[in-house]
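The sequence and the model are shown first, and the description follows.

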Amino acid sequence: MIRSYMIAAPLLLLAAAPAQAQQANMTFFITSTPIGNGGNLGGLAGADNQCQTLAQAAGAGAKTWRAYLSTQAVDGQPAVNARDRIGKGPWTNAKGAVVAKDVADLHGANALTKQSVLNEKGEVINGAGDKPNRHDVLTGSQPDGTAFAAADDKTCRNWTSSTQGSAVVGHHDRVGLRDDDASKSWNSSHGSRGPDGGCSQNDLKSTGGDGLLYCFASN
């Protein structure tokens with residue numbers, strides 16, 4: 001038994017090494033776990049910290065990570081476009097597959113699918129038809145990655161509220177209730193809704209989400 005263990009342990013380490021190396025090189029992932037407070041992410045800084053923390057745990061913390069989120073103009077502060085805060089690309093997942101070559105490709109004919117939008121551990125996230133469905137990903141963005149006008153709240157008060165507003169989400173699996181562009185959109189499918197108004201953690205779960213984020217290495 002002792003000899004078997006001594007042989008097995010190095011083999012396990014060797015098997016884990018390539019996976020760790022790939023994760024260290026990844027530049028894109030979907031978060032495996034939510035912050036857990038609905039649309040209140042602690043603003044952009046809190047969302048970025050979630051990306052950085054999960055990347056660090058996966059061995060990719062040397063990069064600067066940003067959440068793919070837009071904010072709307074309010075109280076004299078300008079809007080922030082998600083597409084402007086994620087770097088230039090290319091972006092690869094935890095298995096080393098390129099999901100988008102650059103910002104234009106990301107918002108065009110990208111390679112984002114349920115099987116390629118992996119979390120930081122290299123795992124597939126539940127989508128439509130799975131239990132629970134977690135395909136709604138927070139973005140607050142239009143299809144081209146820009147912010148919405150300030151008229152209607154599309155970002156849960158710029159990611160600071162779990163009780164007010166609504167948040168635009170995308171479908172990471174590119175599947176929805178209809179066969180249309182919105183249902184297939186990875187970043188701009190529909191607004192959150194629910195009995196608490198749309199921004200609580202329970203609201204996000206009620207429509208097939210969990211408060212997950214897309215994270216991109218910006219450098």
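## A buried serine in a loop

The loop between helix 3 (103-106) and strand 5 contains S116. The model is a predicted one. S116 counts as buried because its relative accessibility is 11%, and buried means under 20%.

Leaving aside residues up to four places away in sequence, S116 touches F28, N93, V99 and A111. The C-alpha atoms of S116 and I30 lie 10.0 Å apart in space, although 86 residues separate the two in sequence.

## Overall architecture

The chain holds five helices and nine strands. Read from the N terminus, these elements follow the order α-β-α-β-β-β-α-β-α-β-β-α-β-β.

Of the 219 residues in the chain, 47% are buried. Among contacts with a separation of 6 or more, 65% are between residues 24 or more positions apart. The accessible surface of the chain is about 10,400 Å², and carbon and sulfur atoms provide 55% of this surface.

Four strands form an open sheet in the order 7-6-5-8, and the pairing is mixed. Strand 7 (190-191) and strand 8 are the edge strands, each pairing on one side only.

Strand 5 and strand 6 (residues 168-171) run antiparallel and are joined by three bridges; here V137 stands opposite G170. Strand 5 (residues 136-138) also pairs with strand 8, in the parallel sense and over two bridges. In that pairing, D136 stands opposite G209. Within strand 8 (residues 209-212), G209 and G211 point one way while D210 and L212 point the other way, and all are buried.

## An aspartate in helix 2

Helix 2 (residues 43-57) includes D48. Is D48 buried or exposed? D48 is buried, because its relative accessible area is 11%, and the limit for a buried residue is under 20%.

The side chains of D48 and R85 are joined by a polar contact of 2.8 Å. When residues up to four places away in sequence are not counted, D48 touches W65, R66, A67 and R85.

## Two disulfides

How many disulfides does a search of the whole structure find? It finds two. A disulfide is a covalent bond between the sulfur atoms of two cysteines. With bonded cysteines counted along the chain, the pattern is 1-4, 2-3.

The link of C51 and C215 is left-handed, with -75 degrees about the S-S bond. C51 is buried, with a relative accessible area of 0%, and C215 likewise counts as buried at 0% relative accessibility.

The other disulfide is formed by C156 and C199, whose sulfur atoms are 2.0 Å apart. C156 lies in helix 4 (residues 156-159) and C199 in the loop between strand 7 and helix 5 (201-206), so this pair ties together parts that are 43 residues apart in sequence. The disulfide of C156 and C199 is left-handed because the torsion about its S-S bond is about -95 degrees. C156 counts as buried at 0% relative accessibility, and C199 is buried with a relative accessible area of 0%.

Technical notes. Residues are numbered from 1 along each chain as its sequence is written. This is a predicted model: local features need pLDDT of at least 70, side-chain atom pairs count only at pLDDT 80 or more; totals for chains, interfaces and linings use all residues. Side-chain values use heavy atoms; hydrogens and water are left out. Buried means under 20% relative accessible area, exposed over 50%, partly exposed in between (1.4 Å probe, protein chains only). Two strands pair if DSSP finds at least two bridges between them. Contact means heavy atoms within 4.5 Å. Accessible areas come from the Shrake-Rupley method with a 1.4 Å probe; for residues, only the protein chains shown count as cover. A polar contact is a pair of N or O atoms within 3.5 Å; within protein, one must be able to donate a hydrogen and the other to accept it, and residues adjacent in sequence count only if both atoms are side-chain atoms. A disulfide is a pair of cysteine sulfur atoms within 2.5 Å.
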